[in-house]
Amino acid sequence: MNKEIYMVEGNTKETYEAFRQRIAAIVSVVHNELQPGAIKYTITESAPPRLSVIPFCKKKIAVISIYKSIRMPVQQLLNADGFRGAYHAEEAVPVAYDRHWKDGAVTPGVCLLTLFSKKKGLSYDLFIHRWHNGHTPLSLRIHPLWNYVRNEVKESITPNAPAFNGIVEEQLRTPADLLNPFRFFGNPFIIIPRMITVYADTSSFIDYSTMETYLAVEYHVRSV
């Protein structure tokens, strides 16, 4: 099934709750009119902590994922205030949670949403190899991930979309699993070596100047 990802940003005058309501309303319209195979969105619902080992972006953003058979852009999302870009993506889920909550309810825990482009000068094949075969198993070994959705961007739907190559959604069971560095990276005896290892690994295939990380939550509106 074709997967399309749409990015919409909030404006500075919107509260987080107003942004959430706006995105929820747009997604509801898309769901009711298109009846896609599945639709969900990941969204910033609150400001990130001021102090964190993770360099969270302060902007409000929503990433809407739509699974459908027809490769046709969704005009309601293209016309949304704050629309930033849309992509065709290939999804992989190296580790998946066992869902026990209903569609429409927020996914328990939190999500680390990361957008990035490949490192300059690196071939695309080597970028994919390092990301899929090196970084993914490293992340699963180090971090207490509950669900890991790896989206490889295949092409942009819109001409002016940011040139991201990867959109990753990493779910953790509790906010502390992400925000407490000793839970995200490990105990005091191993945390520094692990942080160095993760940085060295990501910097080998990601252009850090393009990377954006967000503290987010996830909503399944219609499941597969």
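Val149 counts as buried in this predicted model, because its relative accessibility is 4%, under the 20% that sets the limit for buried residues. The residue belongs to strand S6, which covers residues 147-156. Leaving aside residues up to four places away in sequence, Val149 touches Lys3 and Lys40, then Glu91, Ala92 and Val93, and finally Ile167, Val168, Glu169 and Gln171.

Another buried residue is Cys111, at 1% relative accessibility. A disulfide is a covalent bond between the sulfur atoms of two cysteines. How many disulfides does the structure hold? The number is zero. Cys57 takes part in no disulfide, and the nearest cysteine sulfur to it, that of Cys111, is 14 Å away. Cys111 is likewise in no disulfide, its nearest cysteine sulfur being that of Cys57, 14 Å away.

The next feature is a helix pair. Two packed helices are described by the angle between their axes and the distance between the axes. Helix H3, residues 124-142, packs with helix H6, residues 191-203, at an angle of about 160° and with the axes 10 Å apart. The two helices are therefore roughly antiparallel, since angles over 145 degrees fall in that class. The crossing of H3 past H6 is left-handed. On the H3 side the contact is made by Gly134, His135, Leu138, Arg141 and Ile142, and on the H6 side by Arg194, Thr197, Val198, Asp201 and Thr202. By residue class, this contact of H3 with H6 comprises three nonpolar, four polar and three charged residues.

The last stop is a loop residue, Gln35, located between helix H1 (16-34) and strand S2 (38-43). Most residues other than glycine have a negative phi. What is the phi of Gln35? The value is near 50°, which is positive, in a residue that is not glycine. Is Gln35 buried, partly exposed or exposed? Gln35 counts as partly exposed because its relative accessible area is 42%, which lies between the 20% limit for buried and the 50% limit for exposed.

Methods. Residues are numbered from 1 along each chain as its sequence is written. This is a predicted model: local features need pLDDT of at least 70, side-chain atom pairs count only at pLDDT 80 or more; totals for chains, interfaces and linings use all residues. Side-chain values use heavy atoms; hydrogens and water are left out. A disulfide is a pair of cysteine sulfur atoms within 2.5 Å. Buried means under 20% relative accessible area, exposed over 50%, partly exposed in between (1.4 Å probe, protein chains only). Axes are lines fitted to C-alpha atoms, for helices over the stretch in contact, and angles run from 0 to 180 degrees between N-to-C directions. Helices (H or I, at least four residues) and strands (E, at least two) are DSSP runs, numbered from the N terminus. Angles under 35 degrees count as roughly parallel, over 145 as roughly antiparallel, 65 to 115 as roughly perpendicular and the rest as oblique. A crossing is left-handed if the near helix is turned anticlockwise from the far one by less than a right angle, and right-handed if clockwise. Contact means heavy atoms within 4.5 Å. Ala, Val, Leu, Ile, Met, Phe, Trp, Tyr, Cys and Pro count as nonpolar, Asp, Glu, Lys and Arg as charged, and the others, Gly among them, as polar.
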